[in-house]
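I opened the notebook today to look at helix packing and aromatic rings. Here is what I looked up, entry by entry.

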Amino acid sequence: MTQPVPYHPQQVEADVQTYWQDNQAFKATEDPTREKFYCLSMFPYPSGKLHMGHVRNYTIGDVIARYQRMLGKNVLQPMGWDAFGLPAENAALKQGRAPADWTRANIAGMKQQLNRLGFAYDWEREIATCNADYYRWEQWLFTRLVETGLAYRKQATVNWDPVDQTVLANEQVIDGKGWRSGAVVEQRDITQWFLKITDYAEELLQDLDQLTAWPEQVRTMQRHWIGRSSGVQIHFAIAGQADQVEIYTTRPDTVMGVTYLAVAAEHPLVAQLVQQDTALADFVHSCQQGSVAEAELETMEKRGHPSGLQAIHPISGQLVPIYVANFVLMSYGTGAVMAVPAHDQRDWEFARKYNIPVQQVITPSDNTSIDISQKAFIEPGVLINSGSFNGLTSAAASDAIAEWLIQQQKGTRQTRYRLRDWGVSRQRYWGCPIPMVHQHDGTLCAADELPVVLPEDLVPDGTGSPLKKSPVFYDLGDGRQRETDTLDTFFESSWYYARYCCPDAEQAMLDERANYWLPVDQYVGGIEHAILHLLYARFFNKLLRDEGLLNCDEPFTRLLTQGMVVAETYYRVHPDGSKDWYNPAEVQVERDEKGQVHRAWLTADGQPVTAGGVEKMSKSKNNGIDPQCLIDQYGADTVRLYVMFTAPPEQSLTWSDEGVEGAHRFLKRLWALAHQVGPVTGEMPVSNDMSQVRYTLHSQLQKALADYERQHYNTVISACMSMLNVLQPLVINIAARSVVQEGLGLILRLLAPITPHITHHLWRKLGYGEDVLQAGWPQVDSAALQREQIQIVVQVNGKVRAQLTVSADADDLTLRQAAQEHVNVQRFIDGKTIRKIIVVPGRLVNIVAT
């Protein structure tokens with residue numbers, strides 16, 4: 001046997017990556033004769049450096065892709081860059097440079113990091129969404145959508161930052177202020193571009209049933225976001241006017257409890273009233289300060305102001321006051337709601353605040369006592385105080401009242417969706433230009449030539465989009481001006497998966513290659529993308545299908561949402577309440593017997609720090625780990641092994657430096673064993689002796705193969721560790737050489753998707769073959785699982801007292817007799833009465849004696 005040599009992962013990994021590059025190992029080519037497998041991880045924003053969340057996400061995807069390749073499938077695994085967006089503008093603003101320079105420099109650096117990790121990407125298909133040869137095709141699609149009416153312009157209420165001079169997403173409004181400028185956000189009506197995603201609402205909802213390989217949580221979140229509901233639109237006439245207020249409700253059974261209506265500050269009724277009512281005008285102005293986010297509306301203080309108008313109840317004819325309220329938005333539903341304070345908690349709180357009557361019209365079906373003066377009763381029940389509808393259940397009353405309103409021409413049944421059309425305009429620079437032209441007569445037309453190229457030499461100054469200040473870009477002469485808004489960056493990420501299939505197509509957005517590769521067989525990404533990105537991508541897939549560019553209805557067959565990477569946090573509190581956060585690498589820790597932090601102090605000064613618990617790795621908490629440092633110290637395979645072994649993909653991974661060191665030790669043991677065993681001679685041998693060892697190897701292999709299918713990679717690695725433990729003591733046994741080589745060959749193939757560098761190197765070094773990825777997937781030898789003899793544990797009163805070697809087909813009677821006759825067992829049953837003998841076939845015999 002040869003002497004082991006030191007394991008130098010950096011050299012091994014560099015050599016193996018050179019082999020892959022020289023042999024174009026991961027280049028994907030369409031081949032109709034082979035089963036394809038398209039594996040895709042959500043592409044990153046080029047922020048400058050990979051973080052551990054990236055590493056985990058892309059390692060999971062790479063393991064899946066390599067596994068499918070070893071199964072013999074034609075695998076595509078591409079990578080690219082979600083390169084447009086606000087962070088580049090902010091970085092450019094700080095550095096006084098163009099976002100394009102910053103972005104492309106980051107792409108180069110991150111690509112180098114991805115390559116260091118050994119990911120099996122087909123880099124010939126690389127895309128960056130900021131490149132004109134990519135976004136020209138989404139501009140083309142946009143013009144097609146304008147032609148078909150699926151893209152349109154309208155006024156919409158938005159969050160406006162008066163300092164940054166731009167629209168903010170709801171998530172960018174924090175406590176009513178702009179997240180970057182800190183300015184009080186205003187509500188403004190701005191003309192914007194929208195896509196009619198609502199035209200696809202029902203199909204998007206129904207097709208969720210096809211996505212059986214998606215996490216149920218994601219499908220549930222999308223169902224809620226689409227929000228299909230059935231209800232009634234009720235016409236409330238206005239006393240003394242010809243106008244009426246349209247109300248949509250899903251609870252027509254409560255209509256007799258309406259004691260006021262609430263309308264949005266932007267409602268057309270209000271625009272007429274504020275000219276005569278200065279107090280109302282002031283209230284409307286106050287409503288325009290703050291966010292239009294639905295979540296913020298739920299938590300904000302509910303305020304209102306009487307409009308001076310009264311509505312006529314459509315059934316009772318009674319007059320009910322109309323209030324202008326800050327919790328109603330014109331962009332939600334009809335911009336007006338009927339308020340039933342007895343049966344809606346928000347309405348109840350508002351009514352109490354403004355001394356509005358509360359009229360109970362629903363009582364519990366089981367006659368439970370309730371007190372409407374204390375809180376609203378919001379459950380269905382039986383109607384009271386509702387005239388001819390008294391005594392009906394809520395369900396029956398909803399139908400009866402709806403029919404009455406329809407017959408009286410005071411209402412209509414409607415199906416509605418919570419989903420609203422997608423606003424795609426952004427008053428930002430670093431994005432895809434919207435390819436439309438404003439003509440001198442006020443009309444719009446598509447740009448004459450595509451792409452409309454974004455000028456990349458502009459530098460943001462923090463006062464609105466540079467495009468609006470660049471006549472060279474927008475002024476086309478003759479009174480014609482380009483649109484200066486850019487597209488929402490979700491536009492780019494909604495179809496990139498399809499462009500990977502044919503990134504060099506010059507005559508069309510997609511060609512026939514897309515129908516070979518799509519749908520994506522496995523998509524990997526975070527649960528935070530469950531709604532927006534995944535919903536928009538599903539929408540785009542249907543748009544592309546309806547343009548005749550794709551055949552499939554859905555883009556992603558199977559979805560894996562990986563858990564977060566979390567780590568401990570440490571901080572000190574300043575007198576003003578602010579905190580300084582310290583990286584775990586800077587802190588020394590003492591732990592109690594349960595592993596909890598007992599005492600922690602900063603290495604630099606020896607002074608105590610407070611443990612803040614385990615949280616997601618982030619810059620704000622300074623608890624991140626630099627992957628590059630780990631790669632430099634341990635090698636990429638150790639990092640990959642650690643992130644796959646520590647937790648199943650869907651669960652959070654709690655970081656442990658000791659765990660990284662343990663992963664590295666395992667690889668060194670594997671390396672040492674391989675060098676002790678030495679090269680294989682001739683065909684890979686299959687040993688017929690040492691049946692117990694081969695049974696263990698193949699039973700572990702059987703579990704590992706099943707766990708690969710279930711994507712339980714941590715237990716795959718556990719099986720490999722168990723196999724290595726079995727083989728290691730046998731290295732010095734010449735007679736066991738063949739079974740050790742057989743077992744090592746199994747381990748190398750099982751680990752090849754997870755730790756591709758060391759397994760490739762050892763596979764070639766030991767003479768198993770040229771490339772482990774081409775070796776084929778290991779198969780269980782069923783003969784190895786057929787044992788002539790097995791080990792049986794013997795217990796007396798639940799405690800192990802002996803082990804028996806018996807025939808594998810021994811019956812219960814034989815096992816009972818052999819157990820009772822064992823010398824050591826007799827010591828514990830002598831003089832006692834055997835009450836029961838329990839036999840678990842193939843495992844144990846338990847004698848109960850008293």
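Helices here are DSSP runs (H or I, at least four residues), numbered from the N terminus. This is a predicted model, where local features need pLDDT of at least 70, side-chain atom pairs count only at pLDDT 80 or more, and totals for chains, interfaces and linings use all residues. Residues are numbered from 1 along each chain as its sequence is written, and side-chain values use heavy atoms, leaving out hydrogens and water.

I noted that α3 (residues 86–95) and α4 (residues 99–116) pack at about 110°, with axes 8 Å apart. The axes are lines fitted to C-alpha atoms over the stretch in contact, and angles run from 0 to 180 degrees between N-to-C directions. So α3 is roughly perpendicular to α4 (65 to 115 degrees). In contact terms (heavy atoms within 4.5 Å), α3 residues including Pro87 and Gln95 meet Pro99, Trp102 and Thr103 in α4.

Next I turned to charges over rings (NZ of Lys or CZ of Arg within 6 Å of the ring centre and within 35 degrees of the ring normal). The charged end of Arg420 sits over the Tyr332 ring, 4.1 Å from its centre. I found Lys621 placed likewise over Trp581, at 5.0 Å from the ring centre.

Conventions: Helices (H or I, at least four residues) and strands (E, at least two) are DSSP runs, numbered from the N terminus. Angles under 35 degrees count as roughly parallel, over 145 as roughly antiparallel, 65 to 115 as roughly perpendicular and the rest as oblique.
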